[in-house]
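Visitor: I would like to go through this model with you. Could we begin once it is on display?
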Amino acid sequence: MASGTAVAPLAAAAARSERLERVLGQALALLASLLIALLLGALMILGYGESPLGVYARIVDGSLGSVDGIGYVLSIATPLTFSALAVAVCFKGGMFNIGVEGQYLVAMVTAAWAALSLDFLPGPLLVPAVLVAAMLGGMAWAAIPAVLKVKTGAHEVVTTIMLNGIAISLLAWAINFPLKFTEAPAGQNVDLRTDLFSDEALVGDIGQYFGVTPGAHLSWLLLLAIAVAVLVWFLLRRTRLGYEARAVGSSPGSARAGGVSIGSIQIRLFLISGALAGLVGMQQILADKGHLGAAYTAQLGFTGIAVAFLGQNNPIGIVFAAILWGILSRGEVALQIGSDVPREFIIILQGILILSVVVTYQVAKRRLAARQLQRAGAAGALEDSAAPGESAGPRESAREGPPQAFRPADGGER
Amino acid sequence: MPLTDIAVAVQISFTYFTIIYLTGTGGLFSERSGIVNIGLEGLMIIGTVTGAFGARFFTDDLGLGLVWGPLLGLLFGALCGALFAGVHAVATISFRVDHIVSGVVINLVAVGLARFLSFAFFAGQSTQSDPGGPHLARLDLPLLSDLPGGLGRAFSGLSPMVLIAAITVFPVWYALNRLRWGLRLRSCGENPEATRSLGVNVPLYRYQGVMLSGAFAGMSGAFLAAEVIGNWREGQTLGLGFISLAALILSNWNPLRLMFFAWLFGFAVAIPLRPGLTDFWAIRDVPPQFIRMIPYIVTIIAIAGFVGRVRPPAAAGKAYEGGT
């Protein structure tokens, strides 16, 4: 009897420490991967005959050492935040949206179309209309793999890879034919692009309020990205859809048994992901360039996957991961002058970082699972010795202590 | 003269066949062993930069001449591709990282690594090398290149690699269907637990499959850069790795059918490159960009099960928990 009551608080503590252990484990894995990447990077820097600490200090100084630098970092982080959030939303539901790349390309086309053909709208309406057009474009492109997955079982990874290829051609076609510029400055060679958007279609610069150079193109899209991150957090953590999404993601079988319509959840998640992906290209066409041209920045969808891993698919973590990515990217500038380390070092460092994140996270996950399994086994053994024939799991007894009290006293341990 | 145009398009399609077929064969070895490899594009990218460097290095710097130089360049690209594929192998096989995740990372890292290598190889140029690099002598196929009406053009001026790639289908088919090694490799991809119970070292075979995929994709990239274009340029793979993946899927992971789809997609890639051809017949009104989409659209249709049936190796992409 005495040991029977002792099991309950023990199990409750175990459940609590289990969660603590998971959070700690994730943090440790992240820290370890950062350390590994920095160490490997240091070895490379030593290979160039420079001091690792000195180079790292210059990278940080180049990106965070001035107000302008911070502005650049944040404007690099803006599209990556959208992109990584789009990846994370699908990931929580157990799906892999590799198609963010294609979705944002299509969205840039629909947004460019809206910016050029809806310019009769007054300024305060035009920008929202363009953003909505972008989100709709991304959603439409994301709807294809979602519906195919649910209706035919086609794996979303394969279909989105193919749709990425189609999107590249679609964008090329759009700027070659329907959206090709009509008025080019006389006597100048212009790269293939759309007409310039009217100033009213561009998003406002917020850098000026903080003394950031206009060259950084720090726009209020950054604020939108942060707000969207909070919204996504709320969606995943505090709404029914988010709860069901996580259920589908962690255990589709029990989700179905629990009455969740998996297909409808998957389609809704993919549409949300597509809408977020639609916003990825807005920084470049509405803040940086003011048109959509053949020299657009690609790969943001894939980089978003890296940022999502780095932020471990946590919406708030993603904002910080995007900023970290931006710090590294901007740090390139510091390596251009007076250093033997080539600027390509940064991109290798990012690669090593993401590889080590993926591997350490996987290792940590397996370690945790093994430990919890072991502990469950140990707890089970304890329970068995306490009350033969009783097989209530430690968690159950933790939640509903009373049943233990109803156990007949003829357990035999006394 | 449409016949000549068709012939030239066919000739270009042989070039793209070679690229798609070699990369697809790489994917075949990896996925047959049970490791999904969507990093083919990245492996090709490493092949392009190292192949372009290798061709120049062995031909000019070591003075090995125009046969051994370019050949060793191609092999150097294959070697580097295999080494880089080792990253995918370690991640997926030893650390059991999700295959898709690792493949995405491979593609991401390849872009940066290529720039880094290029900076080291080509005297600080990080996005391209000098044009006009050495390549193998071009080949006119006997008899076929004498076809009348301009059709001979299709079979003249080919890189010898086109023939070599076409011929590899025999050893590849034989290895996978007749050799004990190939049968074991395939059974690792179908049922690793059962394979292990027969005393086969599953991770070892999977390492071989993935490294082979890197070798083939790397050689394909080296061929593209050194033989076809003549120099390395950033982004020159243009999604051909993904088209190879599409051909592989449509082929149902079968080397003979892979050959057919590789050529078909090679032709789709070639059509927009031949302006004379796009002026003619029904495709006159089709924008070239839409022809580029064909391989992807066909693959989506097939994957969705509207035509035919796609059946990947049963264990491909699944985590294998067993040891050696």
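The conversation below concerns chain B and the side of it that touches chain A.

Guide: Please note at the outset that this is a predicted model.

Visitor: Understood. How many helices and strands are there in chain B?

Guide: Chain B contains 12 helices and zero strands. Along the sequence, its pattern reads α-α-α-α-α-α-α-α-α-α-α-α.

Visitor: And what is the radius of gyration of chain B?

Guide: The value is 20 Å, close to the 20 Å given by the globule rule for 324 residues, so chain B is as compact as a globular protein of that length. Along the principal axes, the C-alpha atoms of chain B fill a box of roughly 60 × 50 × 35 Å.

Visitor: What share of the residues of chain B counts as buried?

Guide: Of its 324 residues, 54% count as buried. As for contacts in chain B with a separation of 6 or more, 77% of them come from residues 24 or more positions apart.

Visitor: Let us turn to the partner. How many residues of chain B are in contact with chain A?

Guide: In chain B, 38 residues are in contact with 35 residues of chain A.

Visitor: Which elements of chain B give two or more residues to that side?

Guide: They are helix H3 (65-94), helix H4 (99-121), helix H9 (240-250) and helix H12 (288-303) of chain B. Among these, H4(B) gives the most, with 14 residues.

Visitor: How do the residues on that side divide into nonpolar, polar and charged?

Guide: The side of chain B that touches chain A has 27 nonpolar residues, eight polar and three charged.

Conventions. Residues are numbered from 1 along each chain as its sequence is written. Chains are lettered from A and ligands numbered from 1 in the order in which they are written. This is a predicted model: local features need pLDDT of at least 70, side-chain atom pairs count only at pLDDT 80 or more; totals for chains, interfaces and linings use all residues. Two residues are in contact if their C-beta atoms, placed from the backbone, lie within 7 Å. Helices (H or I, at least four residues) and strands (E, at least two) are DSSP runs, numbered from the N terminus. Ala, Val, Leu, Ile, Met, Phe, Trp, Tyr, Cys and Pro count as nonpolar, Asp, Glu, Lys and Arg as charged, and the others, Gly among them, as polar. The radius of gyration is taken over C-alpha atoms; the globule rule is 2.2 Å times the number of residues to the power 0.38. A residue is buried if 20 or more other C-beta atoms lie within 10 Å of its own, exposed if 12 or fewer, and partly exposed in between; C-beta atoms are placed from the backbone.
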